[in-house]
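Subject: Structure handover and findings

Hello,

Please find the structure below.

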Amino acid sequence: MAQNIYDNPDFFAGYSRLPRQVQGLDGAPEWPAVRAMLPALTGKRVADLGCGFGWASRWMRAQGAVSVLGLDLSQNMIARAKVDTSDPAIEYLLADLETLELPEAAFDLIHSALTFHYVEDFRRLARMIHKALAGGGDLVFTIEHPIFMAAAHPHWIADEDGRKTWPVNGYSVEGERRADWFAKDVLKYHRTLGTTLNTLIDAGFELRRVEEFAPTREQIERLPELAEELERPMMLLVSARKTEPR
């Protein structure tokens, strides 16, 4: 079972104050780039893995999705999503992505935001998602970038000129990473960029687009603190389409 850090009271309190949870999708600077990767949603059956408060689930339904299934490991997340949603075409359920099994060919789009790096067995998950998608179905997801999460102690340091820099060590050593973020020992799983993309290819996906998120000039003008995100990629955005498994 994946670590359920989101039901830790201290973690959940801090997480709930993040701009992306207070402002929804408008508070997620990567959202315009993610939105550009999504297919047309009219009539689509959608699964939102790691749905959180349901922001993306509700947006997809508003864009014409015929049904949305939001899944999350956290009771806190699911409870909040249900309170904020009044749409019978959106269903929220508790689920562990480490063991999740979805019906075969039941979805046209599977979306996930900043969740897959909590999953240890990404190979199993990718193959399960492939089976759950109808032919030509899409997978669009974001994760923490492998460069961002590789280091044993990820944090800004200053170089000889005083410029902020982000350490990258142990990059090729895949596996557990633990970080203190709102709570101690938040467990994640580091995989190289190559492993992440090749796992999708081996599962039968055709890569459609890959983005290493960086804020735009306009975003930095509105929120100057985003300028530090130009120093290293924090998020990896991937769009892939179901073909046949290798």
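The lining of the largest cavity consists of His117, Ile143, Glu144, Pro146, Met149, Tyr189, Arg191 and Thr196. Strand E5 (133-144) and helix H7 (146-149) are the elements that give two or more residues to this lining. A cavity here is a set of points, on a 1 Å grid over the protein atoms alone, where a 1.4 Å probe fits but cannot get out; lining residues have an atom within 4 Å of a point. Helices (H or I, at least four residues) and strands (E, at least two) are DSSP runs, numbered from the N terminus.

The model is predicted: local features need pLDDT of at least 70 and side-chain atom pairs count only at pLDDT 80 or more, while totals for chains, interfaces and linings use all residues. Residues are numbered from 1 along each chain as its sequence is written, and side-chain values use heavy atoms, with hydrogens and water left out.

The structure holds 1 cavity of 30 Å³ or more. The volume of the largest cavity is about 50 Å³, where volume is the space filled by probe spheres set on the grid points, and points are joined across faces, edges and corners. By class, its lining has 4 nonpolar, 2 polar and 2 charged residues. For these classes, Ala, Val, Leu, Ile, Met, Phe, Trp, Tyr, Cys and Pro count as nonpolar, Asp, Glu, Lys and Arg as charged, and the others, Gly among them, as polar.

Glu144 counts as buried because its relative accessibility is 10%; buried means under 20% relative accessible area, exposed over 50%, and partly exposed in between (1.4 Å probe, protein chains only). The side chains of Glu144 and Lys188 are joined by a polar contact of 2.7 Å. A polar contact is a pair of N or O atoms within 3.5 Å; within protein, one must be able to donate a hydrogen and the other to accept it, and residues adjacent in sequence count only if both atoms are side-chain atoms.

Lys188 belongs to E9, where Val186, Lys188 and His190 point one way and Leu187 and Tyr189 the other way, all of them buried. Strand E9 (residues 186-190) is largely enclosed by the rest of the structure, because 5 of its 5 residues are buried. Strand E8 (residues 175-179) pairs with E9 in the antiparallel sense over 5 bridges, and Glu176 stands opposite Tyr189 in E9. Two strands pair if DSSP finds at least two bridges between them.

Which strands does E5 pair with? Strand E4 (residues 107-113) is joined to E5 by 6 bridges and runs parallel to it, with Ala113 opposite Thr142 in E5. From E4 the chain crosses through helix H6 (residues 122-132) to E5, and this β-α-β crossover is right-handed. A crossover is right-handed if, with the strands pointing away from the viewer, the path from the first strand over the helix to the second runs clockwise. Strand E11 (residues 235-242) is antiparallel to E5, joined by 7 bridges, and Val140 stands opposite Ser239 in E11. E5 is mostly covered, with 10 of its 12 residues buried.

E4 also pairs with strand E1: 4 bridges join the two, which run parallel, and Val46 stands opposite Leu109 in E4. In strand E1 (residues 45-49), 4 of the 5 residues are buried, so E1 is largely enclosed by the rest of the structure. Another 5 bridges join E1 to strand E2 (residues 67-72), again in parallel; the bridge partner of Asp48 in E2 is Gly70. E1, helix H4 (residues 55-62) and E2 make a right-handed β-α-β unit.

Some loop residues remain. Ala105 is in the loop between strand E3 (90-94) and E4 and has a positive phi of about 55 degrees although it is not a glycine. Ala105 counts as partly exposed, because its relative accessibility is 35%. Leu114, in the loop between E4 and H6, is not a glycine either, yet has a positive phi of about 50 degrees; at 21% relative accessibility Leu114 counts as partly exposed. Ala150 lies in the loop between H7 and strand E6 (157-158) and, at 1% relative accessibility, counts as buried. The C-alpha atoms of Ala150 and Ser172 are separated by 8.3 Å, and the two residues are 22 residues apart along the chain.

Regards

Definitions and conventions
1 Å grid on protein atoms, 1.4 Å probe; cavity = no way out; pocket = protein on both sides within 12 Å on 5 of 7 lines; lining within 4 Å.
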